[in-house]
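Please read it beside the sequence and the structure.

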Amino acid sequence: MRTTRTQVAIVGAGPAGLLLSHLLHRAGIESVVVDIRTYEQIAGTIRAGILEAGSVRLLVDSGVSDRVVTEGHRHDGVVLRFDGENHRIDFQELIGESVWLYPQTEVFLDLARRRAVDGGDVRYGVADTAVDITGERPTVTCTEPDGGRVRIEADLLVGADGSRSMCRHAFPPGARGEWFREYPFAWFGFLTEAPPSHDELVYTRSEFGFALISQRTPTMQRMYFQCAPDERPQDWDDDRIWTEMRRRVNGNGFALREGPISAKMVLPFRSFVTAPLRHDRLLLAGDAAHTVPPTGAKGLNLALADVAVLAEVIGDFYGTGDADVLDRYTERAVRRVWRAQHFSYWATTMLHAVGGASPFDIERQRGELSLIAESRYGAAYFAESYTGWQQ
């Protein structure tokens, strides 16, 4: 078994792990990144992406790529559609911020390219990965694609290995808490080859359930509708999908632009937080530490925000030699995580139909939506939460 020594070992080569490696490189701190997925597998995982204003600034200012602004689509607002009417929330007019429609896949490609140009040590497609934090230094052992076994010794170990994180489970029993909520519905997502149905995202609440109109390219669009968690994509043909979307969205002069459908999937809804995010020399970031339902578009943005704080705290650790500074990461990151959990939960419960809802519950949802649509202060709160808290 070969042994590699580095300052920071990172498990997970998605956007969180690669951005952390990049930011550490800019600070003169070495890292090794490993992932059980191949480069092609990560690049081929199609995920939507709404980037907050702060996420865009982080990617551009840190030198990852300018593509997010040259090829991404800036959105200065979103539409809330309920009772058959569109209500636009103007982010620029309300708070002077925007979001960018830029798929998570493209964020990964930008980061992977940047790490390759900078000579970053990123190892895709490893197997038999295990982590150990019981020794003098944290270690990662794995089998590389050529069959060779490697042991990576580090000062710090970061788990950015997703919602099924092995690093999270390396915490000793009782060393962290967990908060969890599972929702009684999911999203049925699909791609359609058609022109955009609207210039901006349209979040629709209807008596038949939630629907979301999003965009991908001038000729390819992404859409979602609320479904049961146990729905099977193969049971839905194009006609059935469009029938469901029409009855939730069309009306009062608004009609979907339709076309052939591909890439069908069902996305379950969960909220999860674990804390603290540090035990000794092991730290967690991104989906390894928290997940949110997709309604608020917070998942990727939370991961990038985690990493920005974590890179700064790791820099302080090496600057001072004091391991206690690593506790600042949890203190700073978790505040934002719970804000995002609240916004995601609020948007989800406001927009989705729930089986057995009473007339009171239904009218309460309408009242919440009216507060955003008709009150400048309600709309500003929604706009600030959606575009991201800038402090």
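Which side-chain oxygen reaches the backbone nitrogen of tyrosine 377 at the start of α11? It belongs to serine 375, and the two atoms lie within 3.3 Å.

The model is predicted; local features require pLDDT of at least 70 and side-chain atom pairs pLDDT 80 or more, while totals for chains, interfaces and linings use all residues. Residues are numbered from 1 along each chain as its sequence is written, and side-chain values use heavy atoms, leaving out hydrogens and water.

1. Helix α11. Gly378, Ala379, Phe382, Ala383, Ser385, Tyr386 and Thr387 of α11 are buried (buried means under 20% relative accessible area, exposed over 50% and partly exposed in between, with a 1.4 Å probe and protein chains only). An α-helix has 3.6 residues a turn, so residues three or four places apart point the same way. Just after α11, glycine 388 has a positive phi of about 105°.

2. Packing of α9 on α11. Helix α9 (residues 327-351) packs against α11 at an angle of about 120°, and their axes are 10 Å apart (axes are lines fitted to C-alpha atoms, for helices over the stretch in contact, and angles run from 0 to 180 degrees between N-to-C directions). α9 is therefore oblique to α11 (under 35 degrees counts as roughly parallel, over 145 as roughly antiparallel, 65 to 115 as roughly perpendicular and the rest as oblique). The crossing of α9 and α11 is left-handed (the near helix is turned anticlockwise from the far one by less than a right angle; clockwise gives a right-handed crossing).

3. Packing of α1 and α8. The axes of α1 (residues 15-26) and α8 (residues 299-320) come within 9 Å and cross at roughly 30°. The two helices are therefore roughly parallel to each other, and their crossing is right-handed.

4. In the model, residues 5-343 are 29% helix and 32% strand, with the end C-alpha atoms 41 Å apart.

5. Helix α3. In α3 (residues 53-61), the buried residues include Ala53, Val56 and Leu59. Glycine 63 follows α3 and has a positive phi, near 80°.

6. Backbone points to check. Most residues other than glycine have a negative phi, and most peptide bonds are trans. Aspartate 128, in strand β9 (residues 127-132), has a positive phi near 50° and is exposed, at a relative accessible area of 57%. Aspartate 280, in the loop between β17 and β18 (282-284), has a positive phi of about 55° and is partly exposed at 40%. The peptide bond from alanine 275 to proline 276 is cis, with omega near 0°; proline 276 lies in the loop between β16 (261-275) and β17 (278-279).

7. Histidine 73. This residue is in strand β4 (residues 73-75) and is partly exposed at 36% relative accessibility. Histidine 73 and valine 34 are 39 residues apart in sequence, and their C-alpha atoms are 31 Å apart.

How values were computed
Helix = DSSP H or I, 4+ residues; strand = E, 2+ residues; numbered from the N terminus. Polar contact = N/O pair within 3.5 Å; in protein donor to acceptor, adjacent residues only side chain to side chain.
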